[in-house]
Amino acid sequence: MDTRWFKGCKTKAEREERKKELMSYRNAFDALREMIEGDFEEAPPDYNNPSWSHKQADVNGANRKLKQILKLMEIK
């Protein structure tokens with residue numbers, strides 16, 4: 001579980017309470033994970049288009065952010 005979930009928790013009791021709260025969202029996180037996984041894009045290079053590298057960079061950046069969100073949603 002990413003430690004950023006516990007930002008602002010000063011005591012162990014607060015961290016445990018936050019962890020219980022997050023665990024209660026597990027079903028919602030699982031459903032959201034399925035939706036996000038369907039949002040990944042593929043952009044095969046189109047070398048005939050002079051701006052293909054910009055489009056590829058945009059797709060790569062978007063996919064990188066989706067991966068970061070999925071990693072945050074790994075609640076264990």
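The exercises below work through the fold, the salt bridges and selected residues of a predicted model.

Residues are numbered from 1 along each chain as its sequence is written, and side-chain values use heavy atoms, with hydrogens and water left out. Because the model is predicted, local features need pLDDT of at least 70 and side-chain atom pairs count only at pLDDT 80 or more, while totals for chains, interfaces and linings use all residues.

**Exercise 1. Overall form**

Task: State how many helices and strands the chain has, and how spread out the chain is.

Solution: 
- Step 1. Helices (H or I, at least four residues) and strands (E, at least two) are DSSP runs, numbered from the N terminus. The chain has 3 helices and 0 strands, in the order α-α-α from the N terminus.
- Step 2. The radius of gyration is taken over C-alpha atoms, and the globule rule is 2.2 Å times the number of residues to the power 0.38. For 76 residues that rule gives 11 Å; the chain has 18 Å, well over it, so the chain is more spread out than a compact globule.
- Step 3. Along the principal axes, the C-alpha atoms fill a box of roughly 60 × 25 × 10 Å.

**Exercise 2. Surface, burial and charge**

Task: Find what percentage of the residues count as buried, and describe the accessible surface and the charges.

Solution: 
- Step 1. Buried means under 20% relative accessible area, exposed over 50%, and partly exposed in between (1.4 Å probe, protein chains only). Of the 76 residues, 20% count as buried.
- Step 2. Accessible areas come from the Shrake-Rupley method with a 1.4 Å probe; for residues, only the protein chains shown count as cover. The accessible surface of the chain is about 6200 Å², and 53% of that belongs to carbon and sulfur atoms.
- Step 3. Lys and Arg count as positive and Asp and Glu as negative, with His and the chain ends not counted. Each charge is placed at NZ of Lys, CZ of Arg, CG of Asp or CD of Glu. The chain has 16 positive and 14 negative charges, and their mean positions are 9 Å apart.

**Exercise 3. Salt bridges**

Task: Give the number of salt bridges in the whole structure, then describe the pairs that involve Arg4, Lys20 and Asp30.

Solution: 
- Step 1. A salt bridge is a side-chain nitrogen of Lys or Arg within 4 Å of a carboxyl oxygen of Asp or Glu. A search of the whole structure finds 4.
- Step 2. Arg4 pairs with Asp2, with the closest N and O atoms 3.0 Å apart. Arg4 counts as exposed, at 58% relative accessibility.
- Step 3. Lys20 pairs with Glu17, with 3.9 Å between the closest N and O atoms. The two are 3 residues apart in helix H1 (residues 12–24), so about one helical turn separates them. Lys20 is exposed at 57%, whereas Glu17 is partly exposed at 48%.
- Step 4. Asp30 pairs with Arg33, the closest N and O atoms being 2.8 Å apart. These two are 3 residues apart in helix H2 (residues 26–37), again about one helical turn. Asp30 is partly exposed, at 34% relative accessibility.

**Exercise 4. Contacts of Pro45 and Gln56**

Task: Locate Pro45 and Gln56, and list their contacts beyond four places in sequence.

Solution: 
- Step 1. Pro45 lies in the loop between H2 and H3 and is partly exposed at 42% relative accessibility. Gln56 is in helix H3 and counts as buried, at 19%.
- Step 2. Contact means heavy atoms within 4.5 Å. Leaving aside neighbours within four places, Pro45 is in contact with Trp52 and Gln56. By the same rule, Gln56 is in contact with Ala43, Pro44 and Pro45.
- Step 3. For the chain, among contacts between residues at least 6 apart in sequence, 56% join residues at least 24 apart.
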